[in-house]
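Biologist: Could you walk me through this one? I'd like to start with what your terms stand for.

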Amino acid sequence: MFRILIQMIMAFLATLAFAVLFHVPKKEFFYCGITGAIGWFFYLLVRDYINSIILASFVASIVITVVSRFFAVNRKLPVTIFLISGILPLVPGAGIYYTAYYAFAHETTLAVAKGIEAFSIALAIAFGIMLIFFIPQKVFLWGSKWGKK
Amino acid sequence: MGNVEDDIVNVPEVNEKDNCNNIIIENIVSEKKDQIFDLVMRAGEILLYNGAEIFRVGQTMEIIAKAYGVKSVDVYAVSNGIFCTMNVDGYFFSTQIKEVPFETVHLGRVAAVNNLSREIVMGKYTIDEAMEELERIANIPFAKNRERIFFAGVGSAAFGYLLGGSVYDSLVSFICGLFLYIFIIFAEERKFPKVIKIAIGSAWVTFVAIILFTLGFGDSLDHIIIGAIICLVPGVALTTSIRDIFNGDYLSGTIHLVDTLLVATSISVGVTVMLKLWEVFVS
C-alpha cells in the first residue's frame, strides 16, 4: 500500500514536471498531476493483479481520458492539456528507446520484441483514448456549473 | 464611408440604385471577409504550431469563421500544414495554404486560443480586437529557463523511479535531467536542427550519467540513462500518431510516426555512440 502511494506521488511529480515543460497554464498544474496519479494507480492495479502491461495501459488510458475530459469540461479548457500530461507515465518511452538501442547493438530479436511491445502499448493507449472520445460531451457536463445552465 | 454614401445618392435610376447598393454592401462584407480569413488562418496556425490536435484545428477555425457570419468554410489540416477555403454566398472566395513546422509544444497558447474562440462565439470580440488578442497569444512567453531546467530534473527523477530505478538512480537521473535541459535550452537559442539537438543532447546526458556512475553514484546505469533521456523520447508523438490514424487522418499519423522514428533513432545514436566511445577509450 505504502509502495503504491509512493508510486502515485512519483507519477504526480512526473506528470507535473511535464506539464511545466509543455507550458500548461500554471493554474492547471495540480489537475494535470492528479490526472497522472489516478491513471498510474489504475495501471499498477491492473498490472499487479492481471499481470499484463498492455491491458494495464489500456485500462489506465481509459481512466485518464475520462478524468481529463471531466477536468476539461469543468475547467473549460481543451482536453489535450490534461490528456497529454496525464498519459505521459503510460507512454512507451522506454520501449521506443530500447527498440532503437537494441537495433543499433545488432540485437535484432530483442529489438523486434521491444518494438512490438512498444507499438502494442501505444495501440492500447490510443484505443483507450478513442473509446472515451466516442462518449458525447453531455455526459461530462453532468454536475458542472456549465451543465446546469 | 463618405464616398459610399455619395455613390448611392448619385445613382439616378431606382433599379440600378438597388443593384449598386447590393454591390457596395457586398464590397464592404468582402473587405471584412479578408480580415476574417486572415484571423481564421492565424488561429489555426497558432493552434497547430503549439501542438493542438488535428481535429481541434479544423473545428476551431470553422467555429470562428461561422461566428463572424461566414457560411461555408472548408479546412484540411495535417500535422505540418493547413489548407483552408472560404466560400461566400455560394461564390468562390479564396484559399490559403500555410506550412506550419511542428517543434514546440505550448499548451498554454492552445488553451488561450480555445478560450478566445469561445468568447468570439459569445460575441465579445470585434475582428480587429480578436486579431490583436491572437497576436498576444502567439507571443505568450515560454516558462522561465530556470523552471524548465528544474522540472526536467524532476521529470527525469520521477520517471526513472517509475520505470524501475532505485531511489539513488532517480537522484542521479535528476542531476542528468538538469544537465540535459541546460544543453537543450542552449541548443534552442542557437536554433540547432532537431535531429542534431536530440542526438548531441542524448550523447551529452549519457556522458554525464557515465561520469556520475563511475564516481560511484547510483545502482544501475541503464535506469539512470532511461530516466535522463525520457524528456526527449517521443512517446506522446507515437500515441498521437496512432490516434490520428484511428481518426482517419492517415497523413498526419504517418508524419508523426516518421517523426517518432527519427527522434528515437537520434536518441539511440547519441546514447550508443557515447557508450561505445567510453568503452573504447576508458575501459
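This is a predicted model: local features need pLDDT of at least 70, side-chain atom pairs count only at pLDDT 80 or more; totals for chains, interfaces and linings use all residues.

Biologist: Good. Why does A:F12 count as buried?

Modeller: Because A:F12 has 21 C-beta neighbours inside 10 Å. The residue lies in helix 1 of chain A; helices (H or I, at least four residues) and strands (E, at least two) are DSSP runs, numbered from the N terminus.

Biologist: What is A:F12 in contact with, leaving aside its neighbours within four places in sequence?

Modeller: A:G33, A:G36 and A:A37. Contact here is a matter of C-beta atoms, placed from the backbone, lying within 7 Å.

Biologist: And how far is the A:F12 C-alpha from that of A:R75?

Modeller: The two C-alpha atoms are 19 Å apart, for residues separated by 63 positions along the chain.

Biologist: Let's zoom out. How many helices and strands are there in chain A?

Modeller: Eight helices and zero strands. The C-alpha trace of chain A spans about 60 × 30 × 30 Å along its principal axes. Of its 149 residues, 54% are buried, and 64% of the contacts with a separation of 6 or more join residues 24 or more positions apart.

Biologist: Which way do helix 2 and helix 3 of chain A run, parallel or antiparallel?

Modeller: The axes of helix 2 (residues 29-50) and helix 3 (residues 53-74) of chain A come within 8 Å and cross at roughly 155°. That makes helix 2 of chain A roughly antiparallel to helix 3 of chain A. Axes are lines fitted to C-alpha atoms, for helices over the stretch in contact, with angles from 0 to 180 degrees between N-to-C directions. Under 35 degrees counts as roughly parallel, over 145 as roughly antiparallel, 65 to 115 as roughly perpendicular and the rest as oblique.

Biologist: Is that crossing of helix 2 and helix 3 of chain A left-handed or right-handed?

Modeller: Right-handed. A crossing is right-handed if the near helix is turned clockwise from the far one by less than a right angle, and left-handed if anticlockwise. Residues that meet there include A:Y31, A:F42 and A:R47 in helix 2 and A:I53, A:V63 and A:F71 in helix 3 of chain A. By class, this contact has 15 nonpolar, four polar and one charged. Ala, Val, Leu, Ile, Met, Phe, Trp, Tyr, Cys and Pro count as nonpolar, Asp, Glu, Lys and Arg as charged, and the others, Gly among them, as polar.

Biologist: Now the loops. Where does A:H23 lie?

Modeller: In the loop between helix 1 and helix 2 of chain A. A:H23 has a positive phi of about 60° although it is not a glycine, and its 22 C-beta neighbours inside 10 Å make it buried.

Biologist: And what about the phi of A:K76?

Modeller: That one is positive too, near 50°, in a residue other than glycine. A:K76 is in the loop between helix 3 and helix 4 of chain A, and with 14 C-beta neighbours inside 10 Å it counts as partly exposed.

Biologist: Last topic: how is chain B divided into domains?

Modeller: Into domain 1 (2-138) and domain 2 (145-281), with bounds from an automatic or database domain assignment. Their contact takes six residues from domain 1 of chain B and eight residues from domain 2 of chain B. Chain B has eleven helices and three strands, and 45% of its 283 residues count as buried.

Technical notes
Residues are numbered from 1 along each chain as its sequence is written. Chains are lettered from A and ligands numbered from 1 in the order in which they are written. A residue is buried if 20 or more other C-beta atoms lie within 10 Å of its own, exposed if 12 or fewer, and partly exposed in between; C-beta atoms are placed from the backbone. Two residues are in contact if their C-beta atoms, placed from the backbone, lie within 7 Å.
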